[in-house]
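Read each answer with the structure open.

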Amino acid sequence: MERVKFQIDNKDCEALYGQMLVDAARDNGVYIPTLCNMQDVKPCGSCRVCTVKVNGRYATACTTPVACGMEIESDTEEIHEIRKALIELIFAEGNHYCPTCEMSGNCELQALGYRFGMMVSRFPYQFPQREINTDCQHLIIDYNRCIRCKRCIRTIKDKKGKSYFAFINRGDKLEVTMDKEMAKTMPLKVAELAMENCPVGAILLKETAYRVPIGERRFDKKCIGSEIEETDVKVFMGELNNE
Amino acid sequence: MSKPLVATASLAGCFGCHMSLLDIDERILKLVELVDIGKSPVTDIKTFTQQYAVGIIEGGCCNSENVHNLQEFRKNCDILISLGECAIMGGLPAMRNGIPIEECLNEAYLEGPTVHLNTEKIFPNDDELPMLLDRVYPAHEIVKIDYFLPGCPPRADLIWDALVALLTGKELELPYEVVKYD
Ligand code: SF4
Ligand code: SF4
Ligand code: FES
């Protein structure tokens with residue numbers, strides 16, 4: 001495979017030609033924040049949290065293949081601001097009552113909020129009225145927290161490759177749903193994987209909850225992305241306001 | 001020189017944030033060296049008689065009294081802080097947002113599984129009672145808020161460090177573990 005040279009924030013990097021930018025960055029020890037993306041799963045580019053500038057133009061790093069000589073801006077004030085705003089938008093769009101959420105502490109959206117120093121969303125909280133789907137014998141889908149990242153649709157399939165989950169409706173009515181028949185027969189193992197793959201607390205296993213104590217959860221002490229690049233996330237006085 | 005005055009209020013909250021303030025343990029002695037606590041449920045002082053340096057708000061606004069209270073705080077405090085998830089985004093009380101008021105009242109006073117004694121089927125409706133708002137509002141949707149300290153409740157270290165930084169003008173540098181939304 002051909003290797004290409006490129007730069008992220010002026011750091012010389014090398015990757016396989018055609019690798020997506022998030023993967024190429026990771027291989028060079030650079031963390032580009034992602035939310036809808038999953039390693040080794042076909043990207044769908046829905047959340048835009050991985051926004052970078054490629055040769056001066058905005059692009060999503062999870063859907064943009066690396067090419068020779070690319071100059072990528074990622075860790076800049078401008079990009080940071082864009083990503084933070086996107087995260088705040090997601091918080092305001094749904095009903096994210098973290099204190100009541102089973103995924104709290106293990107949630108990737110929340111972890112991004114922490115990483116970006118979000119104290120409050122600058123956008124008006126929408127408080128949408130959303131239902132909970134309990135069709136599946138092992139799972140509930142809580143639409144209050146679904147960010148429509150399509151991870152469940154892309155990764156949770158039966159032996160024949162048919163997805164258990166699907167999108168219905170369009171625009172702001174877009175929703176994840178489950179095939180009713182398949183939902184009834186979904187094996188527990190698959191259900192567990194569905195919960196694991198959902199980045200937020202929208203897919204939850206029935207009959208069990210809060211298995212990891214506070215203090216030992218995934219993002220209690222470690223910042224998201226710290227497995228790729230050492231970060232020292234600190235909060236400063238100015239960040240406690242929403243300007 | 002007199003010490004800066006601090007006021008606190010619990011609006012549509014559970015007093016958990018105030019409890020967390022007490023969680024600063026022995027630092028509370030340093031706190032009273034640093035500030036005077038005026039109007040607050042802690043002191044039971046109920047009115048503003050002079051301009052305050054800092055107002056700390058727990059809880060969002062779920063009724064007319066909360067709104068009035070919050071506006072008083074804005075008028076009388078130089079700096080207002082939203083303390084905790086309820087003040088910041090409505091929190092648990094806001095889980096009623098989106099549900100019609102009538103449905104909420106029916107559930108609470110007529111049809112809820114724990115309603116046994118309301119045989120006359122009345123809704124509390126005394127003039128003394130504040131009016132419920134159509135929904136619960138985060139504090140910053142009612143008045144301008146200067147700082148936000150998240151958490152449910154906010155960690156004592158967060159409250160302490162932020163207050164000290166604010167009052168002494170010292171730099172604030174909080175470690176990752178201290179800012180959480182739960
Ligand atoms: S899904 Fe994540 S951000 Fe949303 S309420 Fe749960 S923990 Fe909070
Ligand atoms: S249920 Fe979870 S995995 Fe599926 S689209 Fe919603 S947030 Fe993504
Ligand atoms: S991670 Fe790239 S768009 Fe969501």
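Q: How many residues of chain B are in contact with chain A?
A: The model is predicted, and its interface totals use all residues. On the side of chain A, 34 residues take part. On the side of chain B, the number in contact is 35.

Q: Which residues of chain B lose the most area to chain A?
A: The two chains bury about 3,100 Å² between them. Carbon and sulfur atoms carry 65% of that area. Three residues together account for 27% of what the side of chain B buries. They are M89(B), Y176(B) and Y181(B).

Q: How do the residues on the side of chain B that touches chain A divide into nonpolar, polar and charged, and what is the nonpolar count?
A: Across the interface, ten residue pairs are in polar contact. Elements giving two or more residues to the chain B side include α4 (85–89), β6 (132–137) and α6 (156–168) of chain B. Four residues of that side are polar and nine are charged. The nonpolar count is 22.

Q: In β8(B), which residue is the bridge partner of V235(A)?
A: Strand β11 (residues 235–236) of chain A is joined to β8(B) by two bridges. These strands run antiparallel. Within β8(B), the partner of V235(A) is L174(B).

Q: Which residue makes a side-chain polar contact of 3.1 Å with R135(B)?
A: R135(B) is found in strand β6 of chain B. Leaving out residues up to four places away in sequence, R135(B) touches F127(A), C61(B), R96(B), N97(B) and E141(B). The side-chain polar contact of 3.1 Å joins R135(B) to E141(B).

Q: Why is one side of β6 and of β10 of chain A left without a neighbour in the sheet?
A: Three strands form this open sheet, in the order β6-β7-β10 (chain A), with antiparallel pairing. β6 (132–133) and β10 (203–205) of chain A stand at the edges, so one side of each lacks a neighbour in the sheet. The reason is that each has a single partner strand.

Q: At about what angle to β10(A) does helix α6 of chain A run?
A: Strand β7 (residues 139–142) of chain A is joined to β10(A) by three bridges. Helix α6 (residues 188–197) of chain A lies across both of these strands. Its angle to β10(A) is about 135°.

Q: Which helix packs on the five-stranded sheet of chain A?
A: The open sheet has the order β2-β1-β5-β3-β4 (chain A), with mixed pairing. Its edge strands are β2 (11–16) and β4 (57–60) of chain A. Neighbouring strands are turned by 40° against each other on average, direction ignored. The helix touches β3, β4 and β5 (71–73) of chain A, and is α2 (residues 77–93) of chain A.

Q: Which two residues does a cis peptide bond join?
A: Most peptide bonds are trans. Here omega is about -5°. P153(B) is found in the loop between β7 and α6 of chain B. The cis bond joins C152(B) and P153(B).

Q: What is the phi of D40(A)?
A: Most residues other than glycine have a negative phi. D40(A) lies in the loop between α1 (21–27) and β3 (51–54) of chain A. Its phi is positive, near 65°.

Note on methods
Residues are numbered from 1 along each chain as its sequence is written. Chains are lettered from A and ligands numbered from 1 in the order in which they are written. This is a predicted model: local features need pLDDT of at least 70, side-chain atom pairs count only at pLDDT 80 or more; totals for chains, interfaces and linings use all residues. Side-chain values use heavy atoms; hydrogens and water are left out. Contact means heavy atoms within 4.5 Å. Buried area is the accessible area (1.4 Å probe) that two parts lose on being put together, summed over both. A polar contact is a pair of N or O atoms within 3.5 Å; within protein, one must be able to donate a hydrogen and the other to accept it, and residues adjacent in sequence count only if both atoms are side-chain atoms. Helices (H or I, at least four residues) and strands (E, at least two) are DSSP runs, numbered from the N terminus. Ala, Val, Leu, Ile, Met, Phe, Trp, Tyr, Cys and Pro count as nonpolar, Asp, Glu, Lys and Arg as charged, and the others, Gly among them, as polar. Two strands pair if DSSP finds at least two bridges between them. Axes are lines fitted to C-alpha atoms, for helices over the stretch in contact, and angles run from 0 to 180 degrees between N-to-C directions.
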